[in-house]
Amino acid sequence: LGSGLFLVSLFMNSWWGMMIGWCIIMFLKLPVHLAYFGKPLRFFRTLPPFSNAWKTSWFARGILFSVFFGTFAFIQLAVSYPAIADLLGPAAVPVYTVFAILAGISALGVGIYGGFIMNFCKGIPFWNQGLLPVVFVLAGVADGFGLIMGIGLAGGDVNVALAETGSLYLLLINILIIVVYLISAGYTSTVARLSIKDLISGKVAFAFWFGLIILGMIIPGAVSLAGLLTGVEVSSLMLIIAIVCHTLGAFALKYCLLRVGIYRPLLPKAAAY
């Protein structure tokens, strides 16, 4: 959510959107990420020059991306703040441009590395798909369009109509990507097909059909499509409903992907005699 919102806000030049995206990553994502270590105060051991873990570990790369993003985006936001921009004068534009590019690349890394972590779990065939990182980052960008509409409704510096159109297109792309992902996973192994069965008609079917498909895709898509086809501005209430549903759908997607990961032992069990 944080990286998607930041990337969309960077594209739409929304200072408040970038600030909120930065806060989501720094104050919501990172504390949970560091807690996963067990000994959070030793997180620096994943970073160069203390370690070369970033060369082989996507988890370590994720920490590195987060550190880069936190630093570059903070400088970018500071430079674009009116009082500081006036103080820097003409130098503010090139400095902002450089750090905006660096922050955008780092935000993309933050949004995509979770998919690579899961993708490298060879024992879970459903996750071991090349499209999984793409699913993660495109879903994040689509969620970013949903959140930035909320910022626009709250009086932020956002073109709500443009965000609404972008949200609709990303929803359609996400539907296509998810369908392709499921078809591709179904061809890999019997274990992956069991995961798809759990997703469609098993233990997480409710989260998939109601949480992801209905709340996360159909309702937001219908609201955006109605405004696009009729040319009439969608009411604030309907947009708020669409944003809430979109956000719930984002969590439903992650829950579904995690919940149906069935483990297949890499080494076959020895027969019992």
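How many disulfides does the model hold, if a disulfide is a pair of cysteine sulfur atoms within 2.5 Å? By this rule the count is zero. The model is predicted, so that local features need pLDDT of at least 70 and side-chain atom pairs count only at pLDDT 80 or more, while totals for chains, interfaces and linings use all residues. Residues are numbered from 1 along each chain as its sequence is written, and side-chain values use heavy atoms, with hydrogens and water left out.

For Cys121, the closest cysteine sulfur belongs to Cys256 and lies 18 Å away, too far for a bond.

| Residue | Relative accessible area | Class |
|---|---|---|
| Cys23 | 27% | partly exposed |
| Cys121 | 28% | partly exposed |

A nonpolar core is a set of buried Ala, Val, Leu, Ile, Met, Phe, Trp, Tyr and Cys residues joined through side-chain atoms within 4.5 Å. The largest such core has 27 residues, and those with the most contacts inside it are Phe126, Leu182, Leu199, Leu212 and Leu257. Helix 7 (160–186) is among the elements that give two or more residues to this core, and with six residues helix 7 gives the most; helices here are DSSP runs (H or I, at least four residues), numbered from the N terminus. Leaving aside neighbours within four places in sequence, Leu199 is in contact (heavy atoms within 4.5 Å) with residues including Phe126, Leu182 and Cys256.

Definitions and conventions:
Buried means under 20% relative accessible area, exposed over 50%, partly exposed in between (1.4 Å probe, protein chains only). A disulfide is a pair of cysteine sulfur atoms within 2.5 Å.
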